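Let's walk through this two-chain contact together, one question at a time. Have the sequence and the 3D view open as you read.

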Amino acid sequence: MAMTDTTQSARKAWLGTLAKAPAAEMARLWQGAGYAPEYEVLRAPEIGAVMVRGRAGAAGAAFNLGEMTVTRCSVRLVTGEVGHGYVQGRGKGHALQAALTDALMQSPDAAEDVTTRIIAPLAQQAHAERSTRAAKAAATKVDFFTIARGED
Amino acid sequence: MYVAVKGGEKAIDAAHAWLAEERRGPTDVAELSVAQIKGQLKLAVNRVMAEGSLYDPDLAALAIKQARGDLIEAVFLIRAYRTTLPRFGGSVPVDTGEMACDRRVSATFKDAPGGQVLGPTFDYTHRLLDFKLAADGEVPDAPEGTSDGVTKPHIMSFLDREDLVQKEPEGPEVPPDLTRAPLELPATRALRLQSLTRGDEGFILGMAYSTQRGYARNHAFVAELRIGTCAVEMEIPELGFAIEIGEVEVTECETVNQFQGSKTEPPQFTRGYGLVFGMSERKAISMALVDRALRWEELGEDNLGAPAQDEEFVLYHADNIQATGFLEHIKLPHYVDFQSELELIRKLRRDAEARDAHREAAE
């Protein structure tokens, strides 16, 4: 199954949204959507670690900053789509729901509905949270002003 | 002679039962939840994640609860847990230029593009105890401003453009990992940075402070300090491309030091770098100072014999779990070792007394 650049970047975006979603929110939306696709588990949910790297001076040689917990899972729907879930933290249910969502997103019949019920709400929440923090940060931005100049 | 001794199981069980009771504290006071620790003791959680070298706020909060607030014990629990996890791989190096900044200040450029953003800082508080917190205090909402929605450029890039700052050398894309191979000296900068970022905050702070007080003098300016969230990307083999697998809050500090030049380098600014999990700016600044001090050889500076220039001294003593393991083992039974020491002292004493008696008799 060859994937065009557009579908790859779209898939990259939804997988990132699923990975960063709070597990409880993912579970709520998944249950609310009421999907019950038939599937087989290719890789049962597995908790592990990923070594997070940085760069010396933000630009130079890579170094190991420390690990983070990640849970992954892979499934295949009876209709053939293979879904992968890689999510932050130790959520086996979260990883399974992410893998199933990824698989459903590849099915032309389901993609639009899944986008509406799961991906878009998660992306909107993440965006709202980020915007709120950015707004609070903006309120703490210093406005310098000159009180008096020496030459007067 | 090795003598196997059994016994003590009952005493140990009772000690652990009492520990659990003491951990709970008075039962007429509500029990602390892991969510409360995660949400309200966030800087403790950050420290445990940084020194435990595992980013997972839920686990770090649990470890703090289990350790009764002893953060080094909590770090120990996290390090032990970490070893049970399979490693899925390494991330693409995080791009701190894309950070969603909660805080970003520069001590070198007042009018830095992107501005001086204070964030939720203790700076400028009066360090007076706030007794309102002892009562149930309502917290007013923090004010919101208008964000320009643009990422903040690294301050160092401005100096870099003028070619006034030393270039960061490149290195292998897969850096050496001190959790996989024993730390050998001389260490690469990548290994030093890994060791410093997971090192004990107090130790790194003390080392950094020593450089400020004149042991390997390197007067540092904080070119930039930024705290915020960065996405973590990893190549996924089954997909054939990289995806975001999460995001981490980090503190980054870039210091700039004046440098007169050496046999190999022209006069320019040099850099120190700190990057730490969580909101940990004391640690990040300390890390940058110690990183810079350890770079003396690569920059052709003199070895002044200062502790912070001594890679072996710094790297072999920075890890509080190694240190506490070796330090605390001496409280465990050493009955047989000590018995032999006792025998030795008694024999030396007998020999000395016999010599004295012999000398007196001769006189």
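Two strands pair if DSSP finds at least two bridges between them, and helices (H or I, at least four residues) and strands (E, at least two) are DSSP runs, numbered from the N terminus. The model is predicted, so local features need pLDDT of at least 70 and side-chain atom pairs count only at pLDDT 80 or more, while totals for chains, interfaces and linings use all residues. Residues are numbered from 1 along each chain as its sequence is written, chains are lettered from A in the order in which they are written, and side-chain values use heavy atoms, with hydrogens and water left out.

Q: In β2(B), which residue is the bridge partner of Val50(A)?
A: Strand β1 (residues 39-55) of chain A runs alongside strand β2 (residues 87-90) of chain B, and the two pair in the parallel sense over 3 bridges. Within β2(B), the partner of Val50(A) is Gly89(B).

Q: How far apart are the closest N and O atoms of Arg82(B) and Glu67(A)?
A: A salt bridge is a side-chain nitrogen of Lys or Arg within 4 Å of a carboxyl oxygen of Asp or Glu. That rule finds 8 of them across the interface of chain B and chain A. In the one formed by Arg82(B) and Glu67(A), the closest N and O atoms are separated by 2.4 Å.

Q: Is Ile64(B) buried or exposed?
A: Ile64(B) sits in helix α4 of chain B, and its contacts beyond four places in sequence include Ile37(B), Val45(B), Val48(B) and Leu71(B). The C-alpha atoms of Ile64(B) and Val48(B) are 7.9 Å apart, although 16 residues separate them along the chain. Buried means under 20% relative accessible area, exposed over 50%, partly exposed in between (1.4 Å probe, protein chains only). Because its relative accessible area is 6%, Ile64(B) is buried.

Q: Which residue in β4(B) stands opposite Cys101(B)?
A: Strand β3 (residues 100-105) of chain B has 5 of its 6 residues buried. β3(B) pairs in the antiparallel sense with strand β4 (residues 220-236) of chain B over 5 bridges. In β4(B), the residue opposite Cys101(B) is Gly228(B).

Q: What is the relative accessible area of Gln116(B)?
A: Gln116(B) lies in the loop between β3 and α6 (156-161) of chain B. Among the residues it touches are Thr140(A), Lys141(A) and Phe144(A), as well as Arg104(B) and Phe109(B). Gln116(B) counts as buried because its relative accessible area is 8%.

Methods: Contact = heavy atoms within 4.5 Å.
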